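Reader: Could you walk me through this one, with a few questions and answers as we go?

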Amino acid sequence: MSQLPFRAQVASALGRTAATLSRMTGRGDGSVIGGRVGLVLEPDLLRKLAQDRKLVLVSATNGKTTTTRLITSALLELGEVATNAFGANMPAGHVSALSQAKRAPYGVLEVDEKYLPDVLDTTGASVLCLMNLSRDQMDRAAEIWLLAQKWRRAVAGKPVHVVANCDDPLVTWAASTAGQVIWVAAGQRWKEDSWCCPECGGPLDRKDSDWACRECTFRRPQPHWVLDHDMAIDPRGQRWRLDIQLPGQANRANAVMALAVVEIFGVPVQRALPKLAEVRSVAGRYTTVERDGRHARLLLAKNPAGWLEAFDVTDPALPIILAVNAQGPDGRDTSWLWDVDYRILRGRPVFVTGERKLDLALRLDTAGVPFQLAGDFTEALAAQPPGRVDVIANYTAFQHIRTEFGRAE
Ligand SMILES: [Zn+2]
């Protein structure tokens, strides 16, 4: 790799120093502050750090941290990989990730959906992995259509390989202006944001996994890769069992996306699969924490689609603790809780905690799901019999539990 210009070297080094200081003073893992310092000193730092590397950008509403980790794990077969493993997914986090692995020939970067066009422009990444788009706590249907339109413009005419989930009509529409697209039928659990054609606004007809607009020519492309329950079917028609440790259909979807991405770099399925199988938890997700004989498995769910995925992973035989906060990263408006169908929880012991426990309680009551309120997570856990319990928490509630019980990985 060519040398960075002197100014970029200094900016990158000072950024790393700031990150170290931030860690030493207990302000988190320091990746964001380090990147910010670097960008102030050299606004063009991200472009310079990205030069001469083979980069993958991963974006979606849900699953981007996990998929970033899976791709990274498989690409390590080829050499060192720079990655923003802790979900710092805006340019300061990208600068930090690339600065910390200066010689890595590969980079896998999780990118916030809104930053994707800029980051693609700046880094000139060679591969984009686009998985799903749905409403989250702040963005409703109109906003995500605008977002898809920005993605569409960003990839148009670029020499980039796009790997896109063709079961998500909005992602398909966003990706279809790109010159080279590898379509992956990775499934779509949450359909509430894609009943209308993104091209013309007409109704989308669905039959099994296929979909097509009733009023224009927009329809699901023929997939190259297919996720079929726990099997991945590659472009040659060969079937591979997805023996991975991460639970649930959403993670099998992430895995098949990862297989399609790393094959572009020349990592065949048989080499990639064992590497995907090594990943047990991602930034605390799916980790089990223990206190006094209560083993709590932590699931993160930040939006309606994420809750559906979490329900798919939970064990119906176990009690469940739900924790909802409404701080900055969660969004203060919790009305999205009303978009989730909680009736699947009927019959399980349900405990509700977090700053917005009363909002969630009202929602559960309306859905006819009995529950108990707990003052905080520790109290909710102590109320369980010894044994296993599932926990679904939104962003800051999840981080709070991780901090309280140690940053288990
Ligand atoms: Zn249409």
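Author: Gladly, and a definition comes first: a crossing is left-handed if the near helix is turned anticlockwise from the far one by less than a right angle, and right-handed if clockwise. This is a predicted model, in which local features need pLDDT of at least 70 and side-chain atom pairs count only at pLDDT 80 or more, while totals for chains, interfaces and linings use all residues. Residues are numbered from 1 along each chain as its sequence is written, and side-chain values use heavy atoms, with hydrogens and water left out.

Reader: Which hand does the crossing of α4 and α10 have?

Author: Helices here are DSSP runs (H or I, at least four residues; strands are E, at least two), numbered from the N terminus. The axes of α4 and helix α10 (residues 269–277) come within 8 Å and cross at roughly 125°; axes are lines fitted to C-alpha atoms, for helices over the stretch in contact, with angles from 0 to 180 degrees between N-to-C directions. The crossing of α4 and α10 is right-handed.

Reader: How many charged residues are in the contact of α4 with α9?

Author: Helix α4 (residues 64–75) packs against helix α9 (residues 249–264) at an angle of about 40°. Among the residues making the contact are Leu70 and Ile71 of α4 and Ala258 and Val261 of α9, where contact means heavy atoms within 4.5 Å. Ala, Val, Leu, Ile, Met, Phe, Trp, Tyr, Cys and Pro count as nonpolar, Asp, Glu, Lys and Arg as charged, and the others, Gly among them, as polar. By these classes the contact of α4 with α9 has nine nonpolar residues, four polar ones and, as for charged residues, no such residue.

Reader: Is Cys213 buried or exposed?

Author: Cys213 lies in strand β8 (residues 210–213) and, leaving aside neighbours within four places in sequence, is in contact with residues including Cys197, Cys200 and Phe218. Buried means under 20% relative accessible area, exposed over 50%, and partly exposed in between (1.4 Å probe, protein chains only). Because its relative accessibility is 9%, Cys213 counts as buried.

Reader: Where is Cys200 placed?

Author: Cys200 counts as partly exposed, because its relative accessibility is 39%. Not counting residues up to four places away in sequence, Cys200 touches Cys213, Glu215 and Cys216. The place of Cys200 is in the loop between β6 (180–185) and β7 (204–207).
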